[in-house]
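Trainee: I have a new structure to read, and I would like to learn how to go from one feature to the next. Could you take me through it slowly?

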Amino acid sequence: MFKRKLTFGDFFLILVNLVPLYGVWFEGWDPKMIFLVYCLETLIVGAVNVMKMAMVTILVTPKENWNNNGKFSLVSGWFFIFFFIVHYGFFVLIQTQLFFGVSGLIKDNSLFGGYAQIPEILGSEGKLLLAIFAMYYTLQAFFEFFQSGQYKNITLTRLMFQPYSRIIIQQLIVILGSMFLVFGAGKVFMLVMVLVKLFFELYINFDRYLALAEKMNSKGDN
């Protein structure tokens, strides 16, 4: 299921992703550092999603059915949030550890020691890019989720699973990127990464798949 047309927010997303591509191709930015930014972008997406889930829990749906191996029970929205943080965080941990191993940027081999090196590795360019991504996803949440009224109708279950498409995209990029990085093709890697990322985010309508799966699941329960 593909998106039929791009929104203003989609064009802004394209512009945001062209900044690091320009930096690598014309300003000499390190492609490995840029990919680290994309890994941390996944954390920003997760943090914004926690905020959205919290607002839905407070303003709309304090409790919702939880599917536990086909058995449904009414649980608090805060349970959904806790489960998302733990589950999503686990996948982000795997993703970043894969990147640390592929890139060679992190010299500390301990499980969490490498994360302390991230601010130094990012530098001023990486921190600027993170700020741009944080601003983009915050504005997107405000205009496309809150101001539009979408938060009034979405279920916590669907909202909880929305960011997982990013995990799939990032894992694919790690695999593709490792092949380019091994041969020193940093610019090619950056171009491929941005194109793959934009294709999945702009043209694959993951939310529609989630809505369809949710509809089929509710029919099965009836």
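Mentor: Let us begin with a single residue, keeping in mind that this is a predicted model. T157 lies in helix α5, which covers residues 156-161.

Trainee: Which side chain does T157 join through a polar contact?

Mentor: The partner is E64, and the contact between the two side chains is 3.0 Å.

Trainee: How should I read a salt bridge, and how many are counted here?

Mentor: The general idea is that side chains of opposite charge can pair when their charged atoms come close. In this structure the count comes to one salt bridge, formed by E41 and K197, whose closest N and O atoms are 3.4 Å apart. This pair links distant parts of the chain, since E41 belongs to helix α2 (residues 31-59) and K197 to helix α7 (residues 186-203), with 156 residues separating the two.

Trainee: Are E41 and K197 buried or exposed?

Mentor: E41 is buried, because its relative accessible area is 0%, and K197 is likewise classed as buried because its relative accessibility is 1%; the cut-off for that class is under 20%.

Trainee: Which residues form the nonpolar patch on the surface?

Mentor: The patch is made of M51, M55, I58, L59, V60 and W78, which together have about 550 Å² of accessible area. Helix α2 gives the most to this patch, contributing four residues. M55, for instance, is placed in helix α2, and M55 is described as partly exposed because its relative accessible area is 30%.

Trainee: In what sense do strands β1 and β2 pair?

Mentor: A general point comes first: in a regular strand the side chains alternate between the two faces of the sheet. Here strand β1 (residues 63-68) and strand β2 (residues 71-76) pair in the antiparallel sense, over six bridges, and K63 stands opposite S76 of β2.

Trainee: What do β1 and β2 form, and how many residues are between them?

Mentor: They form a hairpin with two residues between the strands, and in the turn N69 has a positive phi of about 55°.

Terms used
Residues are numbered from 1 along each chain as its sequence is written. This is a predicted model: local features need pLDDT of at least 70, side-chain atom pairs count only at pLDDT 80 or more; totals for chains, interfaces and linings use all residues. Side-chain values use heavy atoms; hydrogens and water are left out. A polar contact is a pair of N or O atoms within 3.5 Å; within protein, one must be able to donate a hydrogen and the other to accept it, and residues adjacent in sequence count only if both atoms are side-chain atoms. A salt bridge is a side-chain nitrogen of Lys or Arg within 4 Å of a carboxyl oxygen of Asp or Glu. Buried means under 20% relative accessible area, exposed over 50%, partly exposed in between (1.4 Å probe, protein chains only). Patches are made of residues with over 30% relative accessible area and no salt bridge: like charges are joined within 9 Å, nonpolar side chains (Val, Leu, Ile, Met, Phe, Trp, Tyr) within 5 Å. Accessible areas come from the Shrake-Rupley method with a 1.4 Å probe; for residues, only the protein chains shown count as cover. Two strands pair if DSSP finds at least two bridges between them.
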